[in-house]
Amino acid sequence: MAREFQRGHKAKVSDLTSGTDLYVGVQIAGPGLTFDISCFGLDADEQLSDDRYFIFFNQPKSPEESIQLLGAQAGDTESFRVTLDRIPANIHKLSFTATLDGAGQMSQAGPGYIRIVAGGEEVVKYAFTGSEFTTERAVMLGDFYLKDVWRFAAVGQGFDGGLDALLKNFGGEVAEEAPAAPSQDAPPAFAPPSQASAPPAFGAPAAPQASQPAPAFGAPAAPAPAPQQPPVHAAPTIAAPMAPQAPAPYGQPPQQPQFGQIPGQGAPPAAPPYGQQPPAAPPYGQQPPGAPPYGQQPPAPFGQQPPGLPHGVPQGVPAAGAGLQAALQPYKEAATGQRWTSQNQQLMRVDLTMGGMPVLARQGSMVMYQGKVDFGYKGAGFAGRMVGNATGQEMQLMRCTGRGQVFLAEEGAHLHPIELQGDGICVSAENVLAFDESLQYEVRRIEGHGIPGGALFTMQFQGTGTVVVKTHGVPVVLPVTPTTFADCNAVVAWSSASQVIISSQVRLRRNAYPGHSGETVNLQFRGAPGNFVVVQPYEV
């Protein structure tokens, strides 16, 4: 019986089938849509270092024929033959993708799937629908990847961009003028199944070899080292003292805003970049650029009353005048000339033209962008898929590059930009929204009985750059003392020089009844004066 996979599910191929000669079928369609279905053979760095392993309509097989494109059959839009024990040692992943050829979006696609058949029997199937996507023009369906042994993962990850953008994401080059596809009057030499409704029995060996055991699972032509995994710390979190602050980047003033404070509010204006003159004062009697019209109050954050406006007056009503422009004035884009700018408590803007470095953000957190911006899927090749390999709960990230402004948000959470200037901070992985790629980061593990999932996974950031932290509500920052405790579900971040100790205790919850109690796990923080812990007014 076939196993039904959901997005993110993974399994060893040996747990699915003992064979290594596999049939991979993909079904995807939509009204008026045309799809190109391809397979990328990637190296240990998840790059297409050998373009002979990009299998598509114009290159239907790899040099040793371990990957073959078979065409539409057995109800599948496209199908492949994959012989795992013949894949060369330099290929560590096979990524099966579908891209749109022409106009359209992945959200217009109907129900589809990717499946694996061995010995004429379907062993695994991952089904998806177009409603899971929005404006993407490509989707990564599933991966075979080598981690000690061959494994299969249901990916289902949308990708903004067509086949060209997908090629660039994998390190390939797009030719200026692609050669004409060779005419194929007959199907591939590998014979399809005798019954059109059943997939080919690739896993069934010939009769004289029936008594031979299946090839050694996961053994490629030559032994290959397993991909490096990020270090997982099982000991209590202990870090070196924070380094002294370095000069602020991006032309910002050296004074760092406090946690939770919106930059530019209640702080002196930013100093001009080195070598530039400060802006000249406006002529007498004229308002400076960006100032509200004469006689009106400055705009207040969305959801708050402007200063001096009596309670009960709608916020959209200006203090003087009327009209659409006056009503929308308080909510106009805030452009402060800084790289990271809070538009309000729930919306963050990053200007990629400043600083000249990419930004890593949670996939799906982009709500709008301006300019020429590319969004690339950040896969397992960087830092061993970060939190994913450590926790089993993959942290899906996208890499934002180009010249423009990207607006980020997630489910109305409060967003707090934290600028690091050579110091460090530990943030719960669930509370990270985005960060500059220039920051150094690693995954830390805090184990403890009673913690959901058996452990608390945090990310430690160090260096120079900004990390955006999301919270449920307005957080509170407390100094670390010998008696500082926090609920593991409510803690958001803490200084990297703090020591964290598990402190379990049993208490009766408020709604507990006789004979029933709830167990909670607290984290105790220790450290020298100057260390801190951030807690949100929310508990899972």
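User: Which residues touch the most other members of the largest nonpolar core?

Analyst: This is a predicted model, and in it I28, F80, L94, F96 and F144 touch the most other members of that core, which has 42 residues.

User: What does L94 touch, leaving out residues up to four places away in sequence?

Analyst: L94 touches C39, F40, G41, I67, V82, I87, G142, D143 and F144. A contact here takes heavy atoms within 4.5 Å. There's also a second, separate core of 17 residues, with I418, I425, A429 and V492 among them.

User: Why is β7 called largely enclosed by the rest of the structure?

Analyst: Because six of its six residues are buried, and buried means under 20% relative accessible area. Both faces of β7 are covered: E78, F80 and V82 are buried on one side, and S79, R81 and T83 on the other.

User: How do you know that β3 and β7 pair?

Analyst: Pairing takes at least two bridges between the strands, and six bridges join β3 to β7, so they qualify. The two run antiparallel. One of the positions to look at is V26, whose bridge partner in β7 is E78.

User: And what makes β6 a partner of β7?

Analyst: Strand β6 (residues 67–69) has three bridges to β7, and the cut-off is at least two, so this is a pair as well. The sense is antiparallel again, and L69 stands opposite F80 in β7.

User: Why is the contact between R81 and D21 called a salt bridge?

Analyst: The N to O distance between their side chains is 2.8 Å. The limit is 4 Å between a side-chain nitrogen of Lys or Arg and a carboxyl oxygen of Asp or Glu, so the pair counts. R81 lies in strand β7 (residues 78–83) and D21 in strand β3 (residues 21–27), so the pair ties together parts that are 60 residues apart in sequence.

User: Are R81 and D21 buried or exposed?

Analyst: R81 has a relative accessible area of 15%, and D21 is at 15% too. With buried meaning under 20%, both are therefore buried.

User: What makes R7 and E132 a salt bridge, and where do they sit?

Analyst: Their closest N and O atoms are 3.0 Å apart, and the limit is 4 Å, so R7 and E132 form a salt bridge. The pair links distant parts of the chain, 125 residues apart. R7 is in the loop between β1 (3–5) and β2 (10–12), while E132 is in the loop between β10 (121–128) and β11 (138–147).

User: Why are R7 and E132 called partly exposed?

Analyst: Partly exposed is what lies between buried, under 20%, and exposed, over 50%. R7 has a relative accessible area of 42% and E132 is at 36%, so both land in that range.

User: How many salt bridges does the structure hold?

Analyst: It holds 12 salt bridges. E46, K93 and D143 are linked in a network of them.

User: Where is G110, and what does it touch beyond residues up to four places away in sequence?

Analyst: G110 is in the loop between β8 (93–100) and β9 (112–118). Its contacts are A29, G30, F128, T129 and G130. G110 and Q27 are 83 residues apart in sequence, yet 9.7 Å apart in space, C-alpha to C-alpha.

User: What about the chain as a whole: how many helices and strands does it have, and what share of the residues counts as buried?

Analyst: The secondary structure comes to four helices and 27 strands. Of the 540 residues, 46% count as buried. The accessible surface is about 27000 Å², with 54% belonging to carbon and sulfur atoms. As for contacts with a separation of 6 or more, residues 24 or more positions apart account for 71% of them.

How values were computed
Residues numbered from 1 in each chain as written. Predicted model: local features only at pLDDT ≥ 70, side-chain atom pairs only at ≥ 80, totals over all residues. Heavy atoms only, no water. Core = buried A, V, L, I, M, F, W, Y, C linked by side-chain atoms within 4.5 Å. Buried < 20%, exposed > 50% of the residue type's maximum accessible area, 1.4 Å probe, protein only. Areas by Shrake-Rupley, 256 points an atom, 1.4 Å probe, with all protein chains shown as cover.
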